Amino acid sequence: MLPGDSLSETQRKRLTVEDFSADDDDDEQMLYDTNEIPALGAWTRYAHTDDEEDEELPSFAPQEVFLPEDRVEQGVLSEPRERSAETDETKPLLIQDGEIEVMSPKKLAGLKASQKQTFVQAMLSIIKAAVGAGSFALPYAFYMGGLWGSTVGMILLGFLCTYSAKLLVDQKNRIDWKGRYVSYVDVVRRVLGKPAAMLLQLFIYITSIGACASYLIFCGKMLVSIYDGIPQQGYSALLAIPLVFLTWMRSFKYLAFTSILGDIALMWAIITTLVYGFMDQELHSPFDTSYYPAINISTFPLFFGPAAFLFCIHFLMIPLEQSLLKPRMWNRTLFSSFSIITVLNVIFSVLAYMLWGCCIQPIVIQNLPSDVWSNIARGALVVDLFFTFLVILVPSRDILESTVLPMVDPSARWWLTNLLRTGLVALATLFSVVINSFSSLIGLVSGLALTAMAFIFPPLLRLKINRVENGGKWRTNHWTFVVDVLMVTFGFIAAILTTTESFLELLVGYGVQISWFEAANSNADCTMVCHA
């Protein structure tokens with residue numbers, strides 16, 4: 001078991017939401033359809049009215065709930081939303097086929113169980129969320145960080161992200177949410193306040209839009225390798241056209257089959273990359289520093305960006321933990337999945353870097369020749385990321401729509417929804433055309449957003465909750481205080497260095513002359529034969 005606030009901290013009497021000061025209009029919940037958590041979709045937001053409004057309702061009259069058209073899906077369960085003004089009794093509601101049904105306790109228990117995930121399903125959900133396009137940038141990241149420095153860095157980062165993810169969920173569980181499903185934003189809003197929650201939402205926007213833009217860059221580069229008659233920016237723009245219309249869909253259940261196809265495509269691309277590498281390249285001793293420098297201090301932050309892009313998926317941790325059929329299995333689920341993610345990516349990255357060495361491309365599959373089998377792998381990845389784009393856009397889409405749509409007339413919401421989604425796709429496309437560098441973009445996303453969500457907010461939550469428990473005084477004499485301060489400090493330093501180096505890499509790609517940075521990134525001492 002990892003050190004930290006384990007059972008001793010989560011088994012104590014939990015705080016209530018009333019123990020934290022919050023504005024009246026902050027009492028909102030981000031609820032999740034746990035039946036679709038493996039696809040990372042169906043993020044459902046409901047408005048929650050306060051108790052004063054509840055008392056004015058007639059007996060068992062449903063409260064007014066804002067439900068965008070595409071959120072009213074089969075079997076989406078709300079938490080208690082129907083209250084008797086006379087008895088103060090609450091009953092849960094079920095949104096099914098567009099109708100609101102009052103649930104009996106027996107039916108509620110059966111439905112909740114049907115929407116839960118087993119240990120294996122939750123573990124696979126975490127692995128699928130982490131392993132993807134970013135894995136193909138890791139071999140180049142190992143080149144930036146050095147073979148041994150990057151290997152040790154990956155293991156330490158995997159350990160640290162596991163600890164911070166556990167820390168985040170533990171802090172959520174220290175508060176009695178009265179049975180409600182909550183999100184990362186809900187926890188931060190309640191504990192750290194509305195400004196912190198708004199900052200976290202901004203980070204989610206950056207992550208969602210930045211990841212979507214990086215997928216368009218990745219797909220564009222793969223298509224250029226297949227047919228170079230169209231530039232990468234042109235391919236990105238062409239892909240955006242069908243994506244716009246697909247984002248207008250009110251449910252992704254008809255695209256569920258693409259998840260399995262995506263897993264197959266990913267495994268095919270990884271196997272193809274390694275097979276071609278062993279066929280065409282030569283492995284050297286990992287201790288031969290003329291081929292593989294042990295560590296590159298000056299460019300190590302360029303390793304951290306892609307690595308953090310892989311591990312820092314903390315905005316999914318709370319809904320995934322709530323989706324577990326047996327919540328007590330969460331720690332085992334988390335440790336098992338992150339261990340598998342770390343081992344698989346370290347093996348793939350080390351082998352790919354050792355095969356191509358200083359000839360490694362920012363996307364390793366670009367090192368493969370343009371023939372039938374490698375192009376099939378590239379095309380499969382394009383199809384996978386094309387549909388993954390739709391899922392990754394969901395967090396920013398839902399936050400935007402839940403903010404804007406309640407303010408307009410219901411008759412205009414359908415067109416406004418389509419307009420907002422079109423704008424998000426256009427924004428992601430614009431970034432993919434302007435930035436045009438996969439490694440630089442995922443480094444910027446990691447530095448600007450993911451690092452804060454993984455290493456700054458979780459320890460801040462524990463610091464604040466500990467202070468509330470301690471009567472408003474900081475627990476400076478407790479070892480967790482030191483750990484939290486060190487983690488926050490690490491988060492700020494990593495964010496600054498990663499963002500700076502990624503931005504400089506981007507400027508150099510634009511042709512800006514930065515002599516010291518170019519010298520640090522030069523492969524003039526490369527001793528390997530780089531094939532075209």
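Visitor: Is Lys128 buried, exposed or partly exposed?
Guide: You are looking at a predicted model, where local features need pLDDT of at least 70 and side-chain atom pairs count only at pLDDT 80 or more, while totals for chains, interfaces and linings use all residues. Residues are numbered from 1 along each chain as its sequence is written, and side-chain values use heavy atoms, leaving out hydrogens and water. Buried means under 20% relative accessible area, exposed over 50%, and partly exposed in between (1.4 Å probe, protein chains only). Lys128 has 31% relative accessibility, so the word for Lys128 is partly exposed.

Visitor: Which residue meets Lys128 in a salt bridge?
Guide: A salt bridge needs a side-chain nitrogen of Lys or Arg within 4 Å of a carboxyl oxygen of Asp or Glu. Here the N to O distance is 3.1 Å. The pair links distant parts of the chain, 135 residues apart, with Lys128 in helix 4 and its partner in helix 10 (helices are DSSP runs of H or I, at least four residues, numbered from the N terminus). The partner of Lys128 is Asp263.

Visitor: Where does the salt bridge of Glu321 and Lys172 lie, buried or exposed?
Guide: The closest N and O atoms of Glu321 and Lys172 are 2.7 Å apart. Glu321 belongs to helix 12 and Lys172 to helix 6, 149 residues apart. Both of these residues are buried.

Visitor: How many disulfides does the whole structure have?
Guide: A disulfide is a covalent bond between the sulfur atoms of two cysteines. The search asks for a pair of cysteine sulfur atoms within 2.5 Å. Take Cys161: the nearest cysteine sulfur, that of Cys312, is 3.9 Å away, so by the 2.5 Å cut-off Cys161 is in no disulfide. For the whole structure, the number found is zero.

Visitor: What percentage of the chain's residues count as buried?
Guide: The chain has 532 residues, and its secondary structure includes 20 helices. The share of residues that count as buried is 55%.

Technical notes
Helix = DSSP H or I, 4+ residues; strand = E, 2+ residues; numbered from the N terminus.
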